[in-house]
Amino acid sequence: MVNIDDFVKRLETVLDYYGLNASAFADKIGVQRSSMSHLLSGRNKPSLDFVMKILEVFPDVDLYWILIGRGNFPKTNEEENVEISKPSAPILPIQNSDQNLFSTFETNEKEEKLETKKSSTPKNVNFDLEDDEIEKIVLFYKNGTFKAYSP
């Protein structure tokens, strides 16, 4: 959880580093000056949008540092090197125009129905329904459909 007082101190550090006052900082990241004032006074908490705007405009600010104080400000080069994983299999376009996006899904659904033709008995659950009346019973099926029953 973000400690607001510590967040404000780190935000003031960013302001000092870039030599900006609160109004100029608000203008630069595209927020209202009053939002910045309310945040610095501790009246409001920072929104995700606010934090993302800071990171977008000031790339030297580290996300973890501004939020919880972990990391460094300004960012070090080591923290910027992020390894991007490559997909395990290439994604190939569909060559046959007869196929559509759902053809694979339909095939998998048919195969799944064949594999799971086991008789499953519903689990008995005891509900305490002394004073409650049943308004509606809804059954959800694995294929995404449902049925609603009203007494």
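Reply: Two residues are said to be in contact when heavy atoms of each lie within 4.5 Å. On that basis, Phe 7, Val 8, Leu 11, Glu 12 and Leu 15 of helix α1 meet Met 36, Leu 39 and Leu 40 of helix α3. Sorted by class, this contact holds seven nonpolar residues, one charged residue and no polar ones. Glu 12 is the charged member, because Glu counts as charged.

The geometry of the packing may be described next. Helix α1 covers residues 4-18 and helix α3 covers residues 33-41, and their axes lie 9 Å apart at an angle of about 125 degrees.

The model is predicted, and a word on confidence is in order. The mean pLDDT of the protein is 74, with 62% of its residues at 70 or more. Confidence is highest in helix α2 (residues 22-29), at a mean of 92, and lowest in helix α6 (residues 77-80), at 49. Over residues 79-85 the pLDDT is below 50, and this stretch has four contacts in the model beyond near neighbours in sequence.

Helix α1 also takes part in the aromatic arrangement. Seven aromatic pairs are found in the whole structure. One of them joins Tyr 18 and Phe 58, whose ring centres are 4.5 Å apart and whose planes stand at 40 degrees, a tilted pair. This pair links distant parts of the chain, since Tyr 18 belongs to helix α1 while Phe 58 lies in the loop between α4 (48-57) and α5 (63-68), 40 residues apart. Tyr 18 is partly exposed, with a relative accessible area of 27%. Phe 58, by contrast, has a relative accessible area of 3% and is therefore buried, because buried means under 20%.

Another pair is formed by Trp 65 and Phe 73. Their ring centres are 4.8 Å apart and their planes are at 15 degrees, so the pair is stacked. Both Trp 65 and Phe 73 are buried.

These pairs belong to a wider arrangement. Ring pairs link Tyr 17, Tyr 18, Phe 25, Phe 58, Trp 65 and Phe 73 into a cluster. Helix α1 thus has two sides to its description: residues including Leu 11 and Leu 15 meet helix α3, and Tyr 18 of helix α1 pairs with Phe 58.

Note on methods: Residues numbered from 1 in each chain as written. Predicted model: local features only at pLDDT ≥ 70, side-chain atom pairs only at ≥ 80, totals over all residues. Heavy atoms only, no water. pLDDT = per-residue confidence, 0-100. Helix = DSSP H or I, 4+ residues; strand = E, 2+ residues; numbered from the N terminus. Axes fitted to C-alpha atoms, helices over the stretch in contact; angles between N-to-C directions. Phe/Tyr/Trp six-rings, centres within 6.5 Å; stacked < 30°, edge-to-face > 60°. Buried < 20%, exposed > 50% of the residue type's maximum accessible area, 1.4 Å probe, protein only.
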